[in-house]
Structures are given as C-alpha cells and as structure tokens.
Amino acid sequence: MLYKYHVALIKEQVIINDQYYKREEKPNNNEYKRLLDQYHPDQIILNTIEDDELNSITKEEIDITKL
C-alpha cells in the first residue's frame with residue numbers, strides 16, 4: 001500500500017511516533033490536535049510525497065501553538 005503523507009512526532013529531537021496516511025486521508029488540524037494530546041510532541045512534521053517522477057518529498061512543520 002502506498003502512502004501520500006507521513007507525520008513525524010518529535011520530542012527532544014527524537015522521533016517518538018510515525019503516522020502514515022493515504023492520499024484521501026490527508027491529516028487536518030483535528031488530527032494534529034489528537035496526536036498532540038496523545039503524544040505531547042515538541043514538533044509535528046508533515047512529509048508529503050509528491051507525484052513527480054522522482055517522488056520528491058515536501059517537508060512542512062505544523063505550528064502546534066495554533067492547534
């Protein structure tokens with residue numbers, strides 16, 4: 001199964017949990033809030049696998065202060 005989105009939860013510069021989502025399951029603020037409440041990370045990073053021929057990855061830090 002191929003995944004489009006990867007969310008890394010980071011605490012004290014260590015990945016404490018990975019979550020993978022299919023194309024139709026792109027995480028939203030409610031999902032980020034749920035993960036924040038459950039794991040209490042310092043950072044949440046969303047990696048998106050692009051549809052180009054190289055399958056490049058776009059990295060985006062989620063602002064947890066606004067959740």
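**Surface, fold and Lys 33**

Trainee: How much accessible surface does the protein chain have, and what share belongs to carbon and sulfur atoms?
Mentor: About 4900 Å², with 47% belonging to carbon and sulfur atoms. Areas here are Shrake-Rupley, 1.4 Å probe; for residues, only the protein chains shown count as cover.

Trainee: What kind of model is this?
Mentor: A predicted one: local features need pLDDT of at least 70, side-chain atom pairs count only at pLDDT 80 or more, and totals for chains, interfaces and linings use all residues. Residues are numbered from 1 along each chain as its sequence is written, and side-chain values use heavy atoms, leaving out hydrogens and water.

Trainee: In what order do the elements run?
Mentor: β-β-α-β-β from the N terminus. Helices are DSSP runs of H or I, at least four residues; strands are E, at least two; numbering starts at the N terminus.
Mentor: The radius of gyration is 12 Å, close to the 11 Å from the globule rule for 67 residues, so the chain is as compact as a globular protein of that length. That radius is taken over C-alpha atoms, and the rule is 2.2 Å times the number of residues to the power 0.38.

Trainee: What share of the chain is buried?
Mentor: 33% of the 67 residues. Buried is under 20% relative accessible area, exposed over 50%, partly exposed in between (1.4 Å probe, protein chains only).

Trainee: New topic. Where does Lys 33 sit?
Mentor: In helix α1, residues 29-39. Lys 33 is partly exposed, at 33% relative accessible area.
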